[in-house]
Amino acid sequence: MKLGQATIKDIAKALNISSSTVSRALKDYPGISKETKEKVKALAKKLNYRPNAVALSLRKSKSSTIGVIIPEVVHFFFSTVISGIEEVAYANGYNVILLQTNENVTREIAAVDTIISNQIDGLLVSFSKETSDFDHFKKLMDYHYPIVFFDRLPNLPDTVNVTVDDHTGAYKAVKHLIEQGYTKIIHLAGPENLKISIDRKEGYLKALQEAGIPIREDWIIPCPKGTPEESETICRALLSHPSDRPDAVFASNDIAAAGAMQAAKAIGLKLPEEFGAVGFSDWQFSSMIAPPLSSVSQPGFKMGEKAAQLLLEMIDSEHEEAFTARTEMLETGLVIRKSSLRKG
């Protein structure tokens, strides 16, 4: 995937236009003026521009297939997103290829290569926890390849994204705990490199600040794996000191919240009277455990629908507006169950 000496980005910089305009001018898109096309092609010739293997494989006839890269198929939230994507794709005559990374950046890069070699029309992406360098996606974007990021937003300029309001969801969850009389609330935080984790942490902090509850940095604990074993181990240690014991947890995902509840039960605390819990994502199991877990719900199906709609607009549109950088933010909900109802 090594680029040649003269790239679309070089031409765009020299002419003071966007990379997407250069790409479309080279492909003779009708939405680009004749004057711009001539300038782009003349400079491309002067610079001896040659499309590399990526560009050549992306310049093809329509395959009516879109790719989806996700961290985990078994994740309840992502499974609902996939359902929304497929609903829109199939209704518009598109097939869907699904690629799972298992939260591994090496597999993610290989998945991008698979997308290129199979000449897929566009790509929907929720990148892995390990991803901090987004160059494998940026190279595609430099060739005006349609990409929409969902749930997890990359540290890249000029992207099209769909996410949920994680900040408000977290804020409402912690405010609910405070209203129920909990004042010693720990936060089991997600991977620090993910914006969703940062936003959930900020929502937690805002709720505490508004209530005048002192913020304790030692009660904001990274829980990057998000497994019940990880959170149970963390919470057993925190709950083992009666004189300085938390009375509630807000976790960045439901599995971590469930692990915290297990820890509280293991040392004999009554739930929700002595220890409350709220998670995030509202997995199916949340309503089935004892006590049922309160959680922030995410509109996964709606996210999938919106992401697919934006991607198809990018694929089918002849206008630059479809590629305009933007973030569509969907609202969350708070599903209150027994795990956080101290006041009945």
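How much area is buried between domain 1 and domain 2, and what percentage of it do carbon and sulfur atoms give?

1. In this predicted model, the area buried between domain 1 and domain 2 is about 880 Å², and carbon and sulfur atoms give 47% of that area. Lys9, Ser20 and Arg24 supply 47% of what domain 1 buries against domain 2, which is more than any other three residues supply.

2. The domain assignment divides the protein chain into domain 1 (8-51), domain 2 (62-164 + 300-330) and domain 3 (166-298 + 334-340). Taken over C-alpha atoms, the centres of domain 1 and domain 2 are separated by 26 Å, and the contact draws on 13 residues from domain 1 and 10 residues from domain 2.

3. As for polar interactions across this interface, the rule finds 0 salt bridges between domain 1 and domain 2, while 1 residue pair is counted in polar contact, with both residues at pLDDT 80 or more. On the side of domain 1 that touches domain 2, helix 1 (8-15) and helix 2 (19-26) each supply at least two residues, and helix 2 provides the largest share, with 5 residues.

4. The largest nonpolar core holds 29 residues, of which Ile66, Ile85, Leu124, Val148, Phe150, Val162 and Met303 touch the most other members. Among the elements that each supply at least two residues of this core are strand 1 (65-70), helix 5 (76-91) and helix 12 (300-316), and helix 12 gives the most, with 8 residues.

5. A second, separate core of 22 residues includes Leu239, Leu269, Leu271 and Phe275.

Conventions:
Residues are numbered from 1 along each chain as its sequence is written. This is a predicted model: local features need pLDDT of at least 70, side-chain atom pairs count only at pLDDT 80 or more; totals for chains, interfaces and linings use all residues. Side-chain values use heavy atoms; hydrogens and water are left out. A nonpolar core is a set of buried Ala, Val, Leu, Ile, Met, Phe, Trp, Tyr and Cys residues joined through side-chain atoms within 4.5 Å. Buried means under 20% relative accessible area, exposed over 50%, partly exposed in between (1.4 Å probe, protein chains only). Helices (H or I, at least four residues) and strands (E, at least two) are DSSP runs, numbered from the N terminus. Domain bounds come from an automatic or database domain assignment. Contact means heavy atoms within 4.5 Å. Buried area is the accessible area (1.4 Å probe) that two parts lose on being put together, summed over both. A salt bridge is a side-chain nitrogen of Lys or Arg within 4 Å of a carboxyl oxygen of Asp or Glu. A polar contact is a pair of N or O atoms within 3.5 Å; within protein, one must be able to donate a hydrogen and the other to accept it, and residues adjacent in sequence count only if both atoms are side-chain atoms.
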